[in-house]
Amino acid sequence: MQILHLDLKQVAGEYVELRYFLDNPNQYQRRQLPLTEIADLLNLAEQDYYVRLAEDYAKTGQKLYNWLDGSDRFFQRLLNQHQRDGIVLAIATAENLAHLPWEVLHDGNSFLVQKIPGVVPVRWLSSDAVKKLTIEATPENRALNLLFMATSPLKVEPILDFEAEEGRILEATAQARQHLNLIVEESGCLSELGYLIDNYGKGYFDVFHLTGHANLTDAGARFVTETEIGEAYYATAEDIAKELQFQMPKLIFLSGCRTGQAGKVGAVPSMAEELLNLGGKAVLGWGQKVLDSEAKEAAATLYQELAAGKQVTEAVACTYQTLIKIKARDWHLLRLYAAESLPGNLVTSLRTRGRKLAPPASVATEFLDTTGKVKVPKRESFVGRRRQLQSCLRALTQSPEEVGVLIHGMGGLGKSSLAARLSDRLPDFERIVWVGRIDEPSLVNRLAEKLVEFEELQKVVQKEDQELRFRLTRVFGKLEEKGEKPFLLVLDDFEDKNLEPRDRGYVLKTEAARVLEALVWAIRETNSRHRLIITSRYDFESTQLRYFYKQPLDALQGADLRKKCSRLAAFSGEVKVDEALQSQGKRLADGNPRLLEWLDKVLGNSGKSGMSGAGLELLSIENVSEILTKMEGKRIDLREQVLAKALLELMDEPMQEMLSRGLVFELPVPKAALTAVCDSIPNLSGQINRAVALGLLEVSPDASLRVPRILPLKLPENGESLNRLAAEVLYRLWWEESETSTEEQRLEIHRLALRGNVENIAVEMAATLARYWKNRSRFREAVQLCKSTLEIAENYRILHELARSQQELGEVIQAKIYYQQALDNCLAEDETEKAAIIHNLGYLKANTGDIAGAIALYEQSLTITEGIGDIQTKAATLHELGRLKANTGDIAGAIALYEQSLTITESIGDIQTKAMTLQWLGWLAATEQGDFETGLNYLQQSLEILQHIQSPGSETVREIIARVQQLADSK
C-alpha cells in the first residue's frame, strides 16, 4: 500500500503549513493555514461527531475531505494516482489532528475506508527526527502468536463476555483455515502479564490483545485491570508499557472503550498515543464507547487477516469493510496509531515452505465419555469459572508446595470442562488424560507412549523389578534435567473405579492409592514441574491430598449463568420458546450446566413435530410443559444425570435436616448464615465439611455455601420463622456489617423478609432498591417491588418510591394518589422524608401545569428543610423553583435561585445537582442575557462534572454547548 503523509509544521506566529507528500518529505505540496482553522475543525468534531446524536457520518466525512482537498485539489489528485494500490493515510498527531474522525472521510460517493482497495487512516507520531512513516515487513515463518488478556475485576459491571471474544477469534481463523497460536493470560493482572511475557522471551508474541473496560478520566486514560486478588486496578499507559518494555509486541490492540480517543478536545493524548510515546510500534484502540458485539467481530476479522499473512494496514482495511458490511454501528471508531515505522505482515502465508504450524487449539478431544464421545465443550464454547481458573493456575504454576489440584463437586457442574480449560491454558506441559480407572500398567503404558523419543527412559518406566515411585522419580528427574516439557497428568472422573465408600465418605481403592502415592512422591522428590489435575464428584480421604489445592465447584450464577444461557438456543431466543417454559427450565436446571444443556434440547423441540436430529422426540408446548411440571415435582430424571444413588444413601438424618434448612437461601451465603439457621444440629461444622466433600453443598470462590435444588429435600414446615431468621442474619451480614452489597444480595434479603413477614427489613431493602432502580430508569421493576412490599407493610417510604416511579411511567393520577398517601402516613418526626415527598409532589404538579400549586409545595418543602438543616433537599428545591421562574419569564428571579442552589451544592459536594444548576445558569446567561462567555464557562464546568461521574447527561450538555457556540458565532 502507498503511504500518503499529511504533516503539520509551524511556520510563523499563529500559522502552520499542511504538507502532502509520498515517500520523500522534501518533495511536498503545501497549504498555509491559521491555527484557528484547525481549532474550528476540532470544535466541529465536538459538535457533530463526539455527541450522542451525531451528525450523519457521511456529511462529517465530506467536510473533512473538502478541508483536506482545499481549492487546489492536492488530496484528490494524490488519491487518484495511487488508488489502485491501496493507500495508507499517515496523519500527523500534531496540533490535536489525532482527535478528528478521519475514519469517516467521504468523497461524496463512499467512505474512503469502504473503497477496494481501501484507504486506511493512521495517526502517525511525527517529529523533526521522524519525518516519514515507513512499513517494515519482517514476517516470521510460522503461525501468528497472539497473546490475549481479558480483565474482569470484581464489582466492575457490566461483566463483558470475553470468552465469546476469544471464541470468535478461534472460530474465524479456523473457518478461514488460518489457525493461530492463541495464548491466554488468565489473571487480568499486569504483573502476571509481565511474568508470562518474560517466560516466552523477546519476539515470541506478534500481537498483544487487551480486552476489558477502559475510560477517559480527568487524569487521563485508564484501563481497568485486576490486582492479584481480582480487585479493580485503573492502569495507565505507563503501567502497561512497564510490563511490556524490551519485549513490546509489534502490534497492541487495546480493545476497551475510548482507548483511541484523546481527551479535552485533543489536548490530552489517547492511551494508544501514550503507548507509542512509551515504546510501542503500532497500537489499535477505539475512538469512543463501542458495542461489545462489534468489538468481538472486529477482533475476529483482524486476526483472521493477520494470520493469513496480510500487512497490518491491509488487515485493518478488511476489518473496516467487514464492519460496514454487517452494518456495525461503531465501525468508524477503530483507530490505528503508529510511531516511526508500521509493521507490515507479521507472519508468512500458509503455504510458505517450512512454515511452522500452530499447535492444536484445544485438548478437548482427549476428554471422552464411556461411549467415546467428546464430553467437554470446545475451547471457544467454554464460559465462566474465571476465579476458579485463576486459583487453579496459581496452584499449578506458582506454588512450590502443591503438586496438583483436586476439582470436586456434583455431577454436571463442569469439572472435566474446567480441567480441559486448564490444560489449554498450560501449553508448555505435555498433557496426558485418563478417564476413570487408573492402575500401574495403564500409567506405565501411557507414559511410555509419550517417551517414544527417549528410549532409555521408556525402558526405565517399563521395568518390573523396581517399585513404581522410584522409576517415576528417575524419569521425572531426567526430563527436568534435559529441559523437556513437564507432564500434566489429568485424572478425569476419578471417582469412577478409583474410590469406595467408607465411614460416610470416600477413600481410595488400594491400586489407585498406590499409583497416586507414587506420582506425588516422585514429583516432590525431584522438585520438578510435573503436575496433576484430578476431577472427582467427591473430596475423598487421603494423606496425599495435603499436597493438592482443592477447588470445589458450584452452580453457575449471575453473569456466568447469563453467558451460558446465551449460547443455548432455547434459552437465548434463537429458538422461539414460551417464556414461562423457559423460566421453568432455568429454575429446574438450577445453574447446573449439564442440566441446562439437556433441558435446552427438551425446550428446543417444543412446538414441532417428528424427531429431532439428536434423536429426541419432538413435542408440543403442552407436552413439554407437562414434562417440566412432572420434573418440578419429582426431579427424578434430572437427579439421575448428576447424582449417584449411593450418594443419597450417605445423607443421614442430621445432614438432611441441615440441607433442608439451607434450602431457605437461594443465593450462596456466608457460612455464618447457614450456621445461624442450623444452630440446633449436632456437630454442624463436621456436617458442613462432609456435605462439601460429597458435593451436596456447593462452595463459591468466596467460600459462600449453597444447597443445590436438585436434592430430594423440602423446606421444613416452620417456613415463616425460618425465613425470618434467614432475613435477619443476611441483613446483618450483607447490610449492617458490610461496606457494600450487590443488587442480588439485597433482593435475596427482601425476598426472605417478605416470606418471614419482617416489615422493617422488607421496607429498608425495597426503598433502597426502588430508589436505585428509579435513578437508572428501571421504573417497572421498582413499581413491582414496591407493590409486593405493600402487601405486608403499608409504609410511607414505599408509597413515596412507588409514586416516583409511576410518575416516570406517565401514570400521573395514580402517582398523585400514592404521594398523598405517603404524605398522610409519614411519621411526624421524619421531616426529611416529608420534605422530600412534598418536593416530589411539587415536581409532579409543575410538570402537569399546576405552577401555583407547585410553587406552594416547593415553598412548604423549603420551610421544612431550612428548619431541620436538610440543605441537600433545600438545594434541589431551590433548583426546581428556579426552573419554574425561568419558564414563567422571571429570568432574574430564576438566576438568583440558581445561584443560591449553587452555593449550597458547592458547600456540601453535591456535584450532580451542581452540574444541572450550572447547565441552567449557562443556558440562561447565553440565551436570555446574551453573555455567551459566561454561559459557555458555566456549561463547560457542568460538562466536566458530568464526564467525571460518567453521567449520560454529559452528551446533552455537549449538544447545548454546540448550540450556544453556534449562537455566539452567528452574533
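Predicted model: local features only at pLDDT ≥ 70, side-chain atom pairs only at ≥ 80, totals over all residues.
Local features required pLDDT of at least 70 and side-chain atom pairs pLDDT 80 or more, whereas totals for chains, interfaces and linings use all residues. Residues are numbered from 1 along each chain as its sequence is written, and side-chain values use heavy atoms, with hydrogens and water left out.

Helices (H or I, at least four residues) and strands (E, at least two) are DSSP runs, numbered from the N terminus. Helix H30 spans residues 779–790 and contains 12 residues. From first C-alpha to last it reaches 17 Å, close to the 16 Å expected at 1.5 Å a residue; the expected span is 1.5 Å times one less than the number of residues. Burial was assigned from relative accessible area: buried is under 20%, exposed over 50%, and partly exposed in between (1.4 Å probe, protein chains only). The buried residues of H30 are Phe779, Ala782, Val783, Leu785, Cys786 and Thr789. They lie on the same side of H30 because they cover an arc of only 165° around the axis, taken from the directions from the helix axis to the C-beta atoms. Arg780 and Gln784 are exposed on the face turned away from the buried side of H30. The cover over the buried residues includes helices H28 (743–756), H29 (759–774) and H31 (796–808).

Lysine 250 sits in the loop between helix H6 (237–244) and strand S13 (251–255). Lysine 250 is buried but has no salt bridge. A salt bridge places a side-chain nitrogen of Lys or Arg within 4 Å of a carboxyl oxygen of Asp or Glu. For lysine 250, the nearest side chain of opposite charge is glutamate 140, 4.7 Å away; Lys and Arg count as positive, Asp and Glu as negative, and His and the chain ends are not counted. A polar atom of the lysine 250 side chain lies 3.1 Å from the backbone oxygen of threonine 138. Contacts (heavy atoms within 4.5 Å) of lysine 250 beyond four places in sequence include Asp206, Lys281 and Pro343.

Methionine 655 belongs to helix H24 (residues 653–662). Its relative accessibility is 0%, so methionine 655 counts as buried. Beyond four places in sequence, methionine 655 touches Gln687, Arg690, Ala691, Leu694 and Leu696.

Arginine 387 lies in helix H10 (residues 386–397). Its side chain forms a polar contact of 2.8 Å with the side chain of glutamate 226. A polar contact is a pair of N or O atoms within 3.5 Å; within protein, one must be able to donate a hydrogen and the other to accept it, and residues adjacent in sequence count only if both atoms are side-chain atoms. A second polar contact, at 3.1 Å, joins the side chains of arginine 387 and glutamine 390.

The whole structure holds 58 salt bridges. Glutamate 455 and lysine 459 form one of 3.8 Å, N to O. These residues are about one helical turn apart because four residues separate them in helix H13 (residues 455–462). Both glutamate 455 and lysine 459 are exposed.

Arginine 706 and aspartate 590 pair at 2.3 Å, N to O. This pair links distant parts of the chain, 116 residues apart: arginine 706 is in strand S25 (residues 705–706), and aspartate 590 is in the loop between helices H19 (579–589) and H20 (593–604). Arginine 706 is buried, at 6% relative accessible area. Aspartate 590 is also buried, at 13%.
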